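Biologist: I would like to learn how to read features from a set of coordinates. Please take them one by one, with the rule before the case.

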Amino acid sequence: MKKYTFLFFFTFFPIFFSCQEKKPTLEEKILDPNGPDWCWTKTVGDFNGDGIDDLIIGGFRGGGISAYTSPDQQKETITDMTGAKTDAEPWDVDLDGDLDLISLFDVTIWWFRNPDWTPFLIDSVVSHDLEVDDLDADGFVDLVLRDQAEFGSSGNKLVFIQQKDFNNWESFEMDIPNGEGLKLADLDRDEKKDILINGWWLKNTGDIHQWPIHQFTNSWDWRNTYIDVADFNRDGMADIVLSPSELAGNFYRLSWFEQPVQPSGIWEEHIIIDSIETVLHYVGASDFDLDGWPDISYAEMIQGLPPHEVVILWNDSGRKWNKSVISNNGSHSMRITDIEGDGDPDLYGANWQDDTVKIWINQKRRR
């Protein structure tokens, strides 16, 4: 791989509190006080085909996986299997027109066929993060998995699992820098999903075995991250937000990275919060106030110092960010979704060591 030398720089814009237009509230509600034991798995998808996302919850210690189906969040059991881990994704695996569920378990990965939820084993693998897409445009789903760098594990490999037909799968591995965090997004505007990890991105060439890797920051060195992508400055190019995760008692920063004209170079870092405890096991981007600028939400896990904040950072031109705390009860691996189907984004989540499932309903459309 060729080596390049880049100048790098980053800027610091502290959170700015203004007296501008009042922002909408997101009302915290308990969806289920008796969810599964240790709510590790959260995802969303329109599994019943009514145009509104259903909510998926899974328990690591017990309780299996359930769906809260729209429009009224009725609870439906998908499986009683224990060991549901931190990630699951919807995809039409059997190509019958409805979404199935692909889910990580303790040492395996399964898919569950909609609507009878018959389980099918994909592979035996230990992983923390999962992303799915048709990366090679062959009509079948491809899976990308990554474990985490802490707690006796290692996040120094990507595991690719290719679907060959109905339930025939092939896998291979690729070495990457160690760490935590995984996201698929089209960074270079070629209509193919690239792979994003902590400080690096891998270009989708169309050949699932060939992924040129590019370092987008050499100023960020906290290896455990949660990642999302949005065009924060509205210049037509995707930007990146990183939050520091894992290891309570440490402090780092929360930043977004501005894509340069050549995305293979170093991206400018914009520091939003210069010191925050490294327990942010969720960061997400969405236009919560519908003003055309992507906002940022994040959540602190409750093993950190109180208060355990769930926060919206309102985007003011990509350079100023106004903070609203919507909960002091923490959350983990949250999902952004329009729960009511009313056109504004809501939040869904639960603490990983708890069994209480919560939603945060955006009041924007009700004003």
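Modeller: Start with the elements: helices (H or I, at least four residues) and strands (E, at least two) are DSSP runs, numbered from the N terminus. The model is predicted, so local features need pLDDT of at least 70 and side-chain atom pairs count only at pLDDT 80 or more, while totals for chains, interfaces and linings use all residues. Residues are numbered from 1 along each chain as its sequence is written, and side-chain values use heavy atoms, with hydrogens and water left out.

Biologist: In which strand does K358 lie?

Modeller: K358 belongs to strand β29, residues 357-362.

Biologist: Is K358 buried or exposed?

Modeller: Buried means under 20% relative accessible area, exposed over 50%, and partly exposed in between, with a 1.4 Å probe and protein chains only. K358 has a relative accessible area of 13%, so K358 is buried.

Biologist: What does K358 touch?

Modeller: Contact means heavy atoms within 4.5 Å. Not counting residues up to four places away in sequence, K358 touches E28, K29, I30, L31, N329, Y348 and G349. With E28 there is also a polar contact of 2.7 Å between the side chains. A polar contact is a pair of N or O atoms within 3.5 Å; within protein, one must be able to donate a hydrogen and the other to accept it, and residues adjacent in sequence count only if both atoms are side-chain atoms.

Biologist: How is a sheet read?

Modeller: By its pairings: two strands pair if DSSP finds at least two bridges between them. Here four strands form an open sheet in the order β11-β12-β13-β14, with antiparallel pairing. β11 (129-133) and β14 (168-175) stand at the edges with a single partner strand each, so one side of each has no neighbour in the sheet. Strand β13 (residues 157-165) pairs with β14 over eight bridges in the antiparallel sense, and D165 stands opposite N168 in β14.

Biologist: Where does V279 lie, and what is it in contact with?

Modeller: V279 sits in the loop between β22 (268-277) and β23 (283-286). Its relative accessibility is 1%, so V279 counts as buried. Leaving aside neighbours within four places in sequence, its contacts include P244, E246, A299 and M301. V279 and L247 are 32 residues apart in sequence and 6.6 Å apart in space, C-alpha to C-alpha.

Biologist: How many salt bridges does a search of the whole structure find?

Modeller: Side chains of opposite charge can pair when their charged atoms come close. A salt bridge is a side-chain nitrogen of Lys or Arg within 4 Å of a carboxyl oxygen of Asp or Glu. The search finds 18 salt bridges. One of them joins K23 and D289, whose closest N and O atoms are 2.7 Å apart. K23 lies in the loop between β1 (10-12) and β2 (26-32) and D289 in the loop between β23 and β24 (295-299), so the pair ties together parts that are 266 residues apart in sequence. K23 is partly exposed at 21% relative accessible area, whereas D289 is buried at 4%.

Biologist: Which residues do salt bridges that share partners join into one network?

Modeller: Take D190 and K203, a salt bridge with the closest N and O atoms 3.1 Å apart. D190 is in the loop between β15 (183-185) and β16 (194-197) and K203 in the loop between β17 (200-202) and β18, so this pair ties together parts 13 residues apart in sequence. Through shared partners, salt bridges join D188, D190, K192 and K203 into one network.
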